[in-house]
Amino acid sequence: MKTFEEKWTAWVDGQLSGRELSEFEASLSDRAAAEAEKAGALKLGDLLKRELSARTLTNEEFFSYQLRENIARLREAGPRGARAARSTWWTIPRLLWSGAASLAVFLVFTVVVMREKNPAEESQYLTQILNARVDPGVSPNATVSIFEVKQDRVTVLWTEGLQSLPANYAAK
């Protein structure tokens, strides 16, 4: 059930009809005063619609309006708010600190790995390669040349014409 205010608003807007309209108009104590108030409310509504309507902005005016609003918002935020809006997590000092920390971790791991293995030791595979010879029956045209430089700790095994290695030459 509608309250009196809801019925009044519907009556002023012209939305009551039939039985509801006749019941509402019968409940009014002074119908002439109510009609005068209705006319005043309609007149006021027309005046407000005519005078307070928002005018359509052109593109240039809308762009200018947006710029003014952004400038006003930045002025209210102050210099600290403007700086905070630009700031990201990866600032230059943080980038430098993270790079230095990464280099330090890399150096620590490099030193640990290099200490575990002594580069002066000879490999167990070196003696096998030096003592191995190609069987002329397996590959008659094969030649093996071994170049060894002790001061640089480099050994190069050069094979030419080798078709396949026998099973006993396989590496461990």
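I began with H1 and H2, whose crossing is left-handed. For handedness I call a crossing left-handed if the near helix is turned anticlockwise from the far one by less than a right angle, and right-handed if clockwise. Helices here are DSSP runs of H or I with at least four residues, numbered from the N terminus.

A note on the source: this is a predicted model, where local features need pLDDT of at least 70, side-chain atom pairs count only at pLDDT 80 or more, and totals for chains, interfaces and linings use all residues. Residues are numbered from 1 along each chain as its sequence is written, and side-chain values use heavy atoms, with hydrogens and water left out.

**H1 and H2.** I looked up the geometry next. The two axes cross at roughly 110 degrees and come within 11 Å. H1 is therefore roughly perpendicular to H2 (the class covers 65 to 115 degrees). Axes are lines fitted to C-alpha atoms over the stretch in contact, and angles run from 0 to 180 degrees between N-to-C directions. On the H1 side the contact uses Phe4, Lys7, Trp8 and Trp11; H2 supplies Leu21, Phe24 and Glu25. Contact means heavy atoms within 4.5 Å. By class I find five nonpolar, no polar and two charged residues between H1 and H2. Ala, Val, Leu, Ile, Met, Phe, Trp, Tyr, Cys and Pro count as nonpolar, Asp, Glu, Lys and Arg as charged, and the others, Gly among them, as polar.

**H1 and H3.** H1 (residues 4-13) packs on H3 (residues 31-51) at about 65 degrees, with the axes 10 Å apart. Trp8, Trp11 and Val12 of H1 meet Ala34, Glu35, Glu37, Lys38, Ala41 and Leu42 of H3. The H1 contact with H3 has six nonpolar, no polar and three charged residues.

**What is buried in H1?** I find Ala10, Trp11 and Val12. Buried means under 20% relative accessible area, with a 1.4 Å probe and protein chains only. The buried residues of H1 pack against H2 and H3. Just after H1, Gly14 has a positive phi of about 80 degrees.

**Is Glu25 buried or exposed?** Glu25 sits in H2 (residues 18-27). Its relative accessibility is 19%, so I count Glu25 as buried. Beyond neighbours within four places in sequence, Glu25 touches Trp11, Arg31 and Glu35. The side chains of Glu25 and Arg31 make a polar contact of 3.1 Å (N or O atoms within 3.5 Å, one able to donate a hydrogen and the other to accept it; residues adjacent in sequence count only if both atoms are side-chain atoms).

Technical notes. Helices (H or I, at least four residues) and strands (E, at least two) are DSSP runs, numbered from the N terminus. Buried means under 20% relative accessible area, exposed over 50%, partly exposed in between (1.4 Å probe, protein chains only). Angles under 35 degrees count as roughly parallel, over 145 as roughly antiparallel, 65 to 115 as roughly perpendicular and the rest as oblique.
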